[in-house]
Amino acid sequence: MGTTLVTGVGLVGTSFAQCALKRNEKLVFYDFMPRTEYLHRKLGTADVEVVQKDIRDLPALTEAMQRYRPETVVHTAGLIGGRVEESLYSGLQINVMGTINVLEAARLTGVKRFVLISTFGAYDRRRAGDQPTHEDMPRGPGAGYGNSKATKELMAEAYQRLYGFELLTLRLANAYGLGHFWGGSGGGEKVQMLLEAGIRGEVARIPQAQTMTFEYVYAKDMGRAVDLATTVAMPEKTTFNIGVGQLTTFDELVAAAERQFPKLEVEVIPGSPPAVSASSPLDISRAKEYLGWEPQYSMDAAFEDYVKDLRAVME
């Protein structure tokens, strides 16, 4: 049994934790505003430690790592999507400087492996073609969120090159599952809105900005990928796309929700059109080869499982 420190009490960190706890990993969550109710919903009565501090606080990060001595850090904390540009300076402080602080604390305390959670939003879609997106595609799309994620990756790579710890980076498709979405995942929140409306028998009202074509990955598949990244023997390749290898239009997403709830009504609230739609799916062959990972849930199977989780907390 080892110890892993997870930054962020969100969908990614808790989905990883559900897997890690099965192998008796000791878990420490580090979050400036940990949602204990959400943590209990996802992990039940599991014995985990929670440190309520900010990733912008390097002394606090270092103290936490000195106290718990994690062999592994899984860095998930940060803002997502448009939340970064609500205040770009603050958004970059959290995403970029916060990541540098986590890296520095890990270096100071001798962490062996650092798993960085990134996103398919780090790719520069302006230079993408219609072929599947592989891990060597250019990074930096120009927007605050994607650029901050690309910068986080570059900073982690610089630290790893100089200090020699193990670094694995996962670029996730839009993850969906039982979440709280404070960090700004509009795509994940949209999926939850559709299914919650179906359970309640209400109209699902979706902002027009969220009607893009996207690639989605279920949280339980994604959590398993993160767990493999923390446990696999250090592979030759270290950056991995984690998705399903296919795009889903908004109409297809709604149709999947309607297969769970045939009477579901959906209203699109007029507003800004989607800023970005994915033009090509992720190439996930590297994750299959080096992590031994591939998605196990189809969208229909994921929605069926997701609805059970939602009913457990709503009813």
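A: Happy to! The buried residues of helix H2 pack against helix H1 (11–20), strand S2 (26–30) and strand S3 (49–51). Helices (H or I, at least four residues) and strands (E, at least two) are DSSP runs, numbered from the N terminus, and contact means heavy atoms within 4.5 Å. Before going on, please note that this is a predicted model, in which local features need pLDDT of at least 70 and side-chain atom pairs count only at pLDDT 80 or more, while totals for chains, interfaces and linings use all residues. Residues are numbered from 1 along each chain as its sequence is written, and side-chain values use heavy atoms, with hydrogens and water left out.

H2 itself covers residues 36–43, and its buried residues are Tyr38, Leu39, Lys42 and Leu43. Looking down the axis of H2, these buried residues fall within an arc of 110°, so they line one face of the helix. The arc is that of the directions from the helix axis to the C-beta atoms. On the other side of H2, Glu37 and His40 are exposed. Here buried means under 20% relative accessible area, exposed over 50%, and partly exposed in between, with a 1.4 Å probe and protein chains only. Just after the helix comes Gly44, which takes a positive phi of about 65°.

That backbone angle leads to two other places. Most residues other than glycine have a negative phi. Asn24 is not a glycine, yet it has a positive phi of about 65°. It sits in the loop between H1 and S2, two of the elements that the buried residues of H2 pack against. Asn24 is exposed, with a relative accessible area of 53%. Arg69, again not a glycine, has a positive phi of about 50°. This residue belongs to the loop between helix H3 (58–68) and strand S4 (72–75), and at 48% relative accessibility it counts as partly exposed.

Leu11 is among the residues in contact with Tyr176, leaving aside neighbours within four places in sequence, and H1 spans 11–20. Tyr176 lies in strand S7 (residues 174–176) and is buried at 3% relative accessibility. Its other contacts include Val191, Val217, Met299, Phe303 and Tyr306. Ala302 is another contact of Tyr176; these two are 126 residues apart in sequence and 9.2 Å apart in space, C-alpha to C-alpha. Val217 is found in strand S9 (residues 216–218), where it is buried at 1% relative accessibility. Besides Tyr176, the contacts of Val217 include Ala173, Met222, Ile242 and Trp293. By contrast, the C-alpha atoms of Val217 and Glu196 are 21 residues apart along the chain and separated by 18 Å.

Two packed helices are described by the angle between their axes and the distance between the axes. The axes of helix H7 (residues 186–200) and helix H9 (residues 250–260) come within 10 Å and cross at roughly 35°. Axes are lines fitted to C-alpha atoms, for helices over the stretch in contact, and angles run from 0 to 180 degrees between N-to-C directions. Lys190, Val191, Leu194 and Leu195 in H7 meet Phe250, Leu253, Val254 and Ala257 in H9. These residues divide into seven nonpolar, no polar and one charged. For that division, Ala, Val, Leu, Ile, Met, Phe, Trp, Tyr, Cys and Pro count as nonpolar, Asp, Glu, Lys and Arg as charged, and the others, Gly among them, as polar.

Stepping back, the protein chain comes to eleven helices and eleven strands. Its radius of gyration is 19 Å, close to the 20 Å that the globule rule gives for 315 residues, so it is as compact as a globular protein of that length. The radius is taken over C-alpha atoms, and the rule is 2.2 Å times the number of residues to the power 0.38. Of the 315 residues, 53% count as buried. Among contacts between residues at least 6 apart in sequence, 77% join residues at least 24 apart.
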